[in-house]
Number of protein chains: 2
Amino acid sequence: MQRNTRQKSAVRAVLTSSHRPLTPQEILEGAQGDVPGLGIATVYRVLKGLLEEGEASAVELPGQAARYEMAHLGHHHHFQCRACDKVFEVSGCPGDLSRLAPAGFQMDGHEVVLYGRCASCVGTPS
Amino acid sequence: MQRNTRQKSAVRAVLTSSHRPLTPQEILEGAQGDVPGLGIATVYRVLKGLLEEGEASAVELPGQAARYEMAHLGHHHHFQCRACDKVFEVSGCPGDLSRLAPAGFQMDGHEVVLYGRCASCVGTPS
DNA sequence: TCCTTACTGATAACAGGATATCATTATCGG
DNA sequence: CCGATAATGATATCCTGTTATCAGTAAGGA
């Protein structure tokens, strides 16, 4: 039987209110506002459950630990700030890139990551 | 003083002859053809040197350990085969993607990864 | 050729991210 | 309100990729 716990709700709330993918650590810190004693193990357990149920999805970027976001309908990409390392959603998509695939290769998907400075870090010295 | 060793030459040769980014493990196995006793520590040491001198560059893909390739001039991307996991070079580029960045963000680069099946894995059952 | 010392190989140690363990807590059907 | 048990928190453990250690080896200038 599946129970509704304060911990699970808190994790879900943090993911929902943040409109960018979060690391388990960020989720932990955010959810501890609601559930002070929350532990990192629980965050991982809840995330695992949300992934299995399709409620959340993992976001993997080059050279980075996985981040998590609530599952959205539709294909989208991400922007990583080189100053604060936060990852943001990007709604657009360059479109069909299969023309780039080498001859004889069969392409079925793509990932795009944009890099630069987010609105709050523009102008900040590196 | 810097010495030219058989180990260093072997690593360089493997990277040069393979036209795709290789994991340290793949480099080890390839270079052991030339230098049977080669150890993984030496592969990492040589790679570190090549990176510092700009001879090689690291290729990081989402959720993957770093791979290495000899430094090329020019911007390019990669294709990862979902069947054999090998990574291949892609010469094209979708072009300027700054229109995708959220308003107020300052974009200075991008990464694109294509997924699918490489020429040798097309038709292979998953 | 000899000698200095950079380099090597084996392996222990490390790093971090994620999972397993286990006694305790708290959810929720009855 | 109880009681069975799912879920939790603290922490040990795992895991994989990478680096440090150190005695032994070999590159290359003299």
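Predicted model: local features only at pLDDT ≥ 70, side-chain atom pairs only at ≥ 80, totals over all residues.
1. Chain A can be laid on chain B by a turn of 180° and a shift of 0.0 Å along the axis, and the superposition leaves an RMSD of 0.0 Å. The two copies are thus related as by a two-fold rotation axis. As background, a rotation about an axis and a shift along it are what relate two copies of a chain.

2. Chain A on its own contains 3 helices and 5 strands, and when the chain is followed from the N terminus on, its elements run α-α-α-β-β-β-β-β. Along its principal axes, the C-alpha trace of chain A spans about 55 × 45 × 20 Å.

3. Where the two chains meet, 30 residues of chain A are in contact with 30 residues of chain B. On the side of chain A that touches chain B, β4 (87-90) and β5 (106-117) of chain A each supply at least two residues, and β5(A) gives the most, with 12 residues. Sorted by class, the residues of this side of chain A divide into 19 nonpolar, 7 polar and 4 charged. Of the interface residues of chain A, 100% are also interface residues in chain B, so the copies meet through the same surface.

4. How do β5(A) and β5(B) run where bridges join them, parallel or antiparallel? The two strands run antiparallel, and 11 bridges join β5(A) to β5 (residues 106-117) of chain B. One example that can be looked up in the structure is A:Gly109, whose bridge partner in β5(B) is B:Tyr115.

5. This pairing belongs to an open sheet formed by 6 strands, in the order β4(A)-β3(A)-β5(A)-β5(B)-β3(B)-β4(B), with mixed pairing. At the edges stand β4 of chain A and β4 (87-90) of chain B, each with a single partner strand, so one side of each is left without a neighbour in the sheet. From one strand to the next, the twist averages 30°. Within chain B, strand β3 (residues 77-81) and β5(B) run parallel and are joined by 4 bridges; B:Phe79, for instance, has B:Leu114 of β5(B) as its bridge partner.

6. Turning to the helices, two packed helices are described by the angle between their axes and the distance between the axes. In chain B, the axes of helix α1 (residues 6-17) and helix α3 (residues 40-52) come within 10 Å and cross at roughly 75°. Angles of 65 to 115 degrees count as roughly perpendicular, and α1(B) and α3(B) are therefore roughly perpendicular to each other. Their contact is made by B:Gln7, B:Lys8 and B:Val11 on the α1(B) side and by B:Thr42, B:Val43 and B:Val46 on the α3(B) side. By class, the residues of this contact divide into 3 nonpolar, 2 polar and 1 charged.

7. Which residues are the closest to DNA strand C? Of the 25 residues that surround DNA strand C, the closest are A:Asn4, B:Thr5, B:Gln7, B:Gly39 and B:Thr42. The surface near DNA strand C receives at least two residues from each of α3 (40-52) of chain A and α1 and α3 of chain B, and its largest share, 5 residues, comes from α3(B). In terms of class, the residues of this surface divide into 11 nonpolar, 8 polar and 6 charged. Two of the residues named here, B:Gln7 and B:Thr42, also take part in the contact between α1(B) and α3(B) described in the previous point.

8. DNA strand D is surrounded by 25 residues, and the closest of them are A:Thr5, A:Gln7, A:Gly39, A:Thr42 and B:Asn4. For the surface near DNA strand D, at least two residues each are supplied by α1 (6-17) and α3 of chain A together with α3 of chain B. Here the largest share, 5 residues, comes from α3(A). The surface near DNA strand D has 11 nonpolar, 8 polar and 6 charged residues.

Key. Residues numbered from 1 in each chain as written. Chains lettered and ligands numbered in written order. Contact = placed C-beta atoms within 7 Å. Nonpolar A, V, L, I, M, F, W, Y, C, P; charged D, E, K, R; others polar. Pairing = 2+ DSSP bridges. Axes fitted to C-alpha atoms, helices over the stretch in contact; angles between N-to-C directions. Parallel < 35°, antiparallel > 145°, perpendicular 65-115°, else oblique. Near = placed C-beta within 6 Å. Least-squares fit on C-alpha atoms with pLDDT ≥ 70 in both.
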